[in-house]
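Reader: Could you walk me through a few details of this model, with the cut-offs spelled out as we go?

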Amino acid sequence: MLERRRERELVPNYSLTGDLLSFMRCGLQYRYQSGSALPPSRPVQMWFGEFIHGVMETAYRLWKSSQPPFPWPCSKTPYNAAPPSNRAAHDIGVIGDVVEATLAAAGKNPRSRDLRDSAYERAERAVNELGPQLFPLVQSAEERVIGTRPLTMPAGMKGRARMYELHGIMDVLSSVTVGATGGNAICDAVRAVVPNLPSGAEIIVDYKGAARPSTAHPYWKQGDWQLQMYAWLRSKQPSAAPVVAGVLIYINELALGQTGLVELQRDVKHGRTDVQPVPGSRDDYLLRTWSPGAQTPTFSLEFRMQRAIRAVPITNPSMTAALAAFDKVVVDIESCVAREAQHGKIMAHWPACGEDSTCDACDFRHFCPSPAAARNKPGYQPSAPDTP
């Protein structure tokens with residue numbers, strides 16, 4: 001006897017950073033940006049992160065093909081103006097033009113001249129300071145990985161499928177190259193967490209368009225989980241070598257702004273960071289004596305690289321813990337989807353939990369039921385539009 005034909009299932013497809021981490025930042029913002037026809041008009045964090053990723057990928061491929069000597073020039077195109085003439089192919093301004101055009105075609109643009117200038121400053125630092133140490137180590141750039149996981153919904157709630165798909169993009173380094181290279185900040189950081197690098201293993205790398213978070217902030221643990229998940233996804237690819245370590249590169253640490261300096265001072269004061277300037281050093285003096293509004297201090301390259309590079313060991317238990325954490329996030333998202341479908345309301349079923357920095361960059365904060373700045377005010381209830 002033939003089995004009864006099963007209903008068609010739509011397997012949910014999730015990006016590790018674009019979906020899961022975004023939901024953890026703020027569920028309601030994620031719903032409006034990713035689950036409706038309400039794209040943000042000023043996707044600040046999205047544009048900045050993708051711009052940095054695009055510049056680094058293009059710069060690596062140019063370096064691999066022709067290896068122009070560092071430092072590379074950066075003659076960026078003026079804001080809303082024509083590009084300069086006679087620029088070299090490896091000029092970071094030329095690379096940036098291509099990346100900006102690609103993002104603009106997808107509706108992603110910088111919200112202001114200041115944000116764009118900041119992105120170019122950090123991209124220039126990343127290429128010229130990080131590039132000489134990172135590019136020779138890269139075995140595979142912008143490697144795409146994909147995998148599936150079981151989706152187990154809470155009792156009494158039906159999900160869209162019994163599985164979900166997860167994907168991401170990373171750079172891959174060889175443990176042989178990392179283990180044999182001396183005088184390299186990335187290699188030193190990896191060897192510090194995995195002293196005996198096994199031959200034939202891999203190290204994965206991802207960029208963050210942000211400063212190094214406080215060790216007390218949720219972003220610190222989420223960064224660890226992200227690397228563990230990337231390692232698990234990598235292990236599901238055909239002929240993949242085992243991943244023994246992951247590296248997050250916090251690009252903003254190469255050129256901290258005023259807000260980042262305030263947060264660094266606070267984290268050092270309260271012992272909430274794992275990388276502090278050496279007491280009595282010039283970096284220590286510059287950080288202690290700086291005050292908001294004053295000129296941004298120029299920290300040593302060594303200190304900035306230590307702050308920018310975070311290496312994390314990858315083990316089977318650490319991957320298992322991260323898998324459980326992100327499985328729960330997917331269940332939370334699918335539960336929100338199911339409750340919205342049942343009741344026809346968005347705000348009541350998606351958590352508004354963004355912190356101040358998330359809310360400040362959100363176009364939906366004006367009708368959010370719980371913006372960060374007003375979250376603790378009793379009786380706060382902004383007006384809201386009709387559900388689309």
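Reader: Is Y30 buried or exposed, and what is its relative accessible area?

Author: Happy to start there. This is a predicted model, where local features need pLDDT of at least 70, side-chain atom pairs count only at pLDDT 80 or more, and totals for chains, interfaces and linings use all residues. Residues are numbered from 1 along each chain as its sequence is written, and side-chain values use heavy atoms, with hydrogens and water left out. Buried means under 20% relative accessible area, exposed over 50% and partly exposed in between, with a 1.4 Å probe and protein chains only. Y30 is therefore buried, its relative accessible area being 8%.

Reader: What kind of aromatic pair do F23 and Y30 form?

Author: Rings of Phe, Tyr and Trp (its six-membered ring) pair if their centres lie within 6.5 Å; planes under 30 degrees apart count as stacked, over 60 as edge-to-face and the rest as tilted. F23 is buried too, at 7%. Its ring centre and that of Y30 are 6.1 Å apart and the planes stand at 85 degrees, so the pair is edge-to-face.

Reader: And how are the rings of Y32 and F364 arranged, and how many residues apart are they?

Author: The centres of Y32 and F364 are 5.2 Å apart with planes at 45 degrees, so this pair is tilted. Both Y32 and F364 are buried. Helices here are DSSP runs (H or I, at least four residues), numbered from the N terminus. Y32 sits in helix α2 (residues 27-34) and F364 in the segment after α13 (356-360), so the pair links distant parts of the chain, 332 residues apart.

Reader: Which residues do ring pairs link into a cluster?

Author: A search of the whole structure gives 16 aromatic pairs. Ring pairs join these residues into a cluster: Y60, W63, F70, W72 and F135.

Reader: Why do the buried residues of α10 line one face, and which helices do they pack against?

Author: In α10 (residues 282-289), the buried residues are D283, D284, L286 and L287. Seen down the helix axis, they fall within an arc of 165 degrees (taken from the directions from the axis to the C-beta atoms), so they line one face. The face turned away from that buried side carries the exposed R282 and R288. With contact meaning heavy atoms within 4.5 Å, the buried residues pack against α9 (258-269) and α11 (301-308).

Key. Helices (H or I, at least four residues) and strands (E, at least two) are DSSP runs, numbered from the N terminus.
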